[in-house]
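Please open the model in a viewer and keep the selection tool at hand. The tour below moves from pockets to aromatic rings.

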Amino acid sequence: MTQPFGPPVGFPLGPPLDPDAVHLWYTLSDDIAAAAAIDAYIGLLSPDERARHDRFLNERARHEYLITRALCRTVLSRYAGMAPTGWRFRANAWGRPEIDAPADTGVADLRFNLSNTRGLVACAVTRGGEIGVDVEAIDRAGDLLEIADRFMAPLEAVDIASLPADAQASRFFTYWTLKEAYIKARGMGLSIPLDKFWFLRDGGDAGSSARLVLAPDMDDTAAGWSFAQLQPTDRHLLAVARRNPAAATPGFDLKVQRIVPPACRL
């Protein structure tokens with residue numbers, strides 16, 4: 001059962017979430033190893049989440065999943081008077097998790113999105129509209145040029161290939177995180193072809209602004225979409241995508257906070 005709404009006693013509330021704001025919370029999952037914290041995080045999980053956690057055979061994947069769920073539950077509780085254990089989620093038609101709460105609970109307009117990669121977990125929160133976040137470990141191995149040729153828009157693949165070899169990985173992940181953040185915000189997963197939209201960037205680094213361009217047959221409009229990128233560590237790159245609920249009004253105020261999910265059961 002969920003608790004009555006109102007500030008949960010003893011739980012740290014976050015800053016006010018204005019309609020034009022996105023709050024990005026992240027944690028370095030490799031830094032969380034204390035047995036007491038792990039046990040407390042397991043205690044936050046729903047029965048379904050606990051079952052999924054226990055099915056992971058890979059220890060790292062199991063750990064990343066646990067930290068992701070703990071971050072999600074404790075972050076959301078900063079915006080509403082609900083204990084971390086009280087949140088319930090449902091999946092949309094494409095599997096994206098969403099808050100499952102009655103309209104009169106005060107969280108009907110709360111939107112979130114999660115991403116995790118080796119060593120880092122992120123949770124983006126906003127009110128209304130669509131939100132997506134993607135984080136990638138930029139030191140991972142793989143034939144990035146082949147992936148770009150197969151999956152990205154031609155302009156992006158050509159841009160990556162035109163760079164010196166030591167600069168290609170950075171440009172690849174700049175595009176990749178933007179594209180993943182967009183499709184996650186749409187909530188439709190890989191049913192959106194990655195070569196049917198692309199990004200025009202104003203500068204050469206990951207912090208440059210990016211403008212979305214859609215193929216004519218895409219069931220969407222670029223109006224209202226805004227993007228931000230940051231590099232929270234030397235080996236991680238992150239992108240946030242948000243469509244303002246005011247339709248054609250772009251832009252958002254991004255606030256970023258690194259935290260360790262509180263090891264508590266409220």
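A pocket is an open set of grid points with protein on both sides within 12 Å along at least five of seven lines, and its volume is the space filled by probe spheres set on the points. Please note that this is a predicted model.

**First stop: the second largest pocket**

The volume of the second largest pocket is about 210 Å³. Select Glu98, Ile99, Ala108, Leu110 and Arg111, which are the closest to its centre among the 14 residues that line it. Next, colour β3 (97-99), β4 and β6 (130-137); each of these strands supplies at least two residues of the lining. By class, this lining comprises eight nonpolar, one polar and five charged residues.

**Second stop: the largest pocket**

The lining of the largest pocket has 13 nonpolar, eight polar and 10 charged residues.

**Third stop: aromatic pairs**

A pair of aromatic rings is described by the distance of the centres and the angle of the planes. The structure contains 10 aromatic pairs. One of them is formed by Phe56 and Tyr65, with 5.4 Å from centre to centre and 40° between the planes, a tilted arrangement.

Move on to Phe172 and Phe173. Their ring centres are 5.0 Å apart and their planes stand at 90°; because planes over 60 degrees apart count as edge-to-face, this pair is edge-to-face. Both Phe172 and Phe173 are buried.

Select Tyr182, Phe197, Phe199, Trp225 and Phe227 together, as they form one aromatic cluster. Finally, select Arg201 and Tyr175: here Arg201 lies over the face of Tyr175, at 5.6 Å from the ring centre.

Definitions and conventions. Residues are numbered from 1 along each chain as its sequence is written. This is a predicted model: local features need pLDDT of at least 70, side-chain atom pairs count only at pLDDT 80 or more; totals for chains, interfaces and linings use all residues. Side-chain values use heavy atoms; hydrogens and water are left out. Rings of Phe, Tyr and Trp (its six-membered ring) pair if their centres lie within 6.5 Å; planes under 30 degrees apart count as stacked, over 60 as edge-to-face and the rest as tilted. Buried means under 20% relative accessible area, exposed over 50%, partly exposed in between (1.4 Å probe, protein chains only). A charge sits over a ring if NZ of Lys or CZ of Arg is within 6 Å of the ring centre and within 35 degrees of the ring normal. Ala, Val, Leu, Ile, Met, Phe, Trp, Tyr, Cys and Pro count as nonpolar, Asp, Glu, Lys and Arg as charged, and the others, Gly among them, as polar. On a 1 Å grid over the protein atoms alone, a cavity is a set of points where a 1.4 Å probe fits but cannot get out, and a pocket is an open set with protein on both sides within 12 Å along at least five of seven lines; lining residues have an atom within 4 Å of a point. Helices (H or I, at least four residues) and strands (E, at least two) are DSSP runs, numbered from the N terminus.
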